[in-house]
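Please open the model in your viewer and keep the selection tool at hand.

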Amino acid sequence: MTDGAVTEVARVLVAADKFKGSLTAVQVAERVTAGLRRVVPELEVETLPVADGGDGTVAAAVAAGFERREVTVTGPLGEPVTAAFALRGTTAVVEMAEASGLQLLPAGVFAALTATTYGSGELLRAALDAGATSIVFGVGGSATTDGGAGMLAALGARFLDADGEPVGPGGAALAGLASADLSGVDPRFAEVDLVLASDVDNPLTGPKGCAAVYGPQKGASPEDVQTLDEALAHYARVLEKAIGPKAAELAASPGAGGAGGIGYGALLIGASFRPGIELMLEVLGFAPALERATLVITGEGSLDEQTLHGKAPAGVAAAARAAGKDVVAVCGRLALAPEALGSAGIRRAYPLTDLEPEPSKSMANAGPLLEQVAANIAKDFLS
């Protein structure tokens, strides 16, 4: 045995997120399992693909036993798209990226000023129609910066310009907003437990707001960022006139800036905010799986500073450490020092770039490389 190997009968829990651009969380679990069993053929392995509320959250819920439901909604550019949510009993997992995500845009196309969250509202309504009384609303991976105005409009809110016409789609159009009326929002939201699951705690506007921090990732130029931030600030002021000081309080709340401000829209209709990975681990049944494990393997495409701020591997490692379980991580690339990993509760990380330093080749061959990495973990910890 090497590297502090597990001495009791080993049972490994693979609870990793996706490797963005290479492997889904389900594929990561499959490849890690295959690599471990190359070395220890009879090894007990339990897989629980995880997500932090961003893209891949519905897939993780389906892998954990939720039913996948598909519906046609309005995409970020206004075109129809097929989006899925997950349902188990009366609990639904809805992922805004399914309806309003960057991955729905054509390659090289951005629409920072005009992309809409209307389809996310349609997706939430579909979950209500399916009988959901508890909704986990995962936000992240968005193409949008419209403050959730599109989502709210799909749910029955009215946003009108000075001529009494509905404002156009996207965040920039909110600069022309003259009046807001939330009284028509689907009344079922008053009875539903809606929880905003996000890995960001940004407010709606300002230097740490959604336009300034995340707008550039969506193709926004510095001028676009200013346009969006000013339009969102105006939107919040108009809402304050409509519903009172709560609108301003919520705009400054942690999570309001999630996914281009859709977090703000969710908070306006009564959502509570929780860190995405913490909530998703509960929904997916992580605690009992952790209890059964002797070693936990987590990971994601890039282990870096962002990982430490609410991403899935950090949440898994924190929970495992609290339960006294060893954790190792797999990743495409590693940008954290051993001390930072240790502080997060991760014993050791195994990046694919140790086997293939060229990033493009590493991504293209992520599956086979991950199997080899998992075999190395088995040799170090299990054989």
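Which residues does T33 touch, not counting residues up to four places away in sequence? Before you look, keep in mind that this is a predicted model. Select T33, which lies in helix 1 (residues 25–39), and you will find that T33 touches V14, V45 and T47. With a relative accessible area of 12%, T33 is buried, because buried means under 20% relative accessible area.

Next, select the open sheet whose five strands follow the order 2-1-11-12-13, with parallel pairing. Its edges are strand 2 (44–47) and strand 13 (348–351), and each of these pairs on one side only. As you move from one strand to the next, the twist averages 25 degrees.

Helix 12 (residues 312–322) lies across strand 11 and strand 12, and runs at about 160 degrees to strand 11. Helix 15 (residues 366–381) lies across strand 11, strand 12 and strand 13, and its direction is at about 150 degrees to strand 13.

Move on to the open sheet of six strands, which has the order 3-4-5-6-9-10 and mixed pairing. Strand 3 (67–74) and strand 10 (272–275) stand at the edges, and because each has a single partner strand, one side of each is left without a neighbour in the sheet. Ignoring direction, neighbouring strands of this sheet are turned by 30 degrees against each other on average. If you select strand 9 (residues 193–198) together with strand 10, you will see a parallel pair joined by four bridges, in which S198 stands opposite P275 in strand 10.

Helix 4 (residues 118–129) packs on this sheet, where it touches strand 3, strand 4 (80–88), strand 5 (91–95), strand 6 (134–138) and strand 9, and its direction makes about 140 degrees with that of strand 3. Helix 9 also packs on the sheet, touching strand 6, strand 9 and strand 10, and its direction makes about 160 degrees with that of strand 9.

**Along helix 7**

Select helix 7 (residues 222–243), whose 22 residues reach 31 Å from the first C-alpha to the last, close to the 32 Å expected at 1.5 Å a residue. Colour D224, V225, L228, A231, L232, Y235, A236, V238 and L239, which are buried. These residues lie on the same side of helix 7, because they cover an arc of only 165 degrees around the axis. The buried residues of helix 7 pack against several elements, including helix 5 (149–154), strand 7 (158–160), helix 6 (210–214) and helix 9 (258–268). Just after helix 7, G244 takes a positive phi of about 95 degrees.

For the last stop, select C210 and C331: are they buried or exposed? C210 counts as buried because its relative accessibility is 0%, and C331 counts as buried at 0% relative accessibility. With sulfur atoms within 2.5 Å as the rule for a pair, the count of disulfides comes to zero.

How values were computed. Residues numbered from 1 in each chain as written. Predicted model: local features only at pLDDT ≥ 70, side-chain atom pairs only at ≥ 80, totals over all residues. Heavy atoms only, no water. Pairing = 2+ DSSP bridges. Helix = DSSP H or I, 4+ residues; strand = E, 2+ residues; numbered from the N terminus. Axes fitted to C-alpha atoms, helices over the stretch in contact; angles between N-to-C directions. Contact = heavy atoms within 4.5 Å. Buried < 20%, exposed > 50% of the residue type's maximum accessible area, 1.4 Å probe, protein only. Expected span 1.5 Å × (residues − 1). Arc of directions from axis to C-beta.
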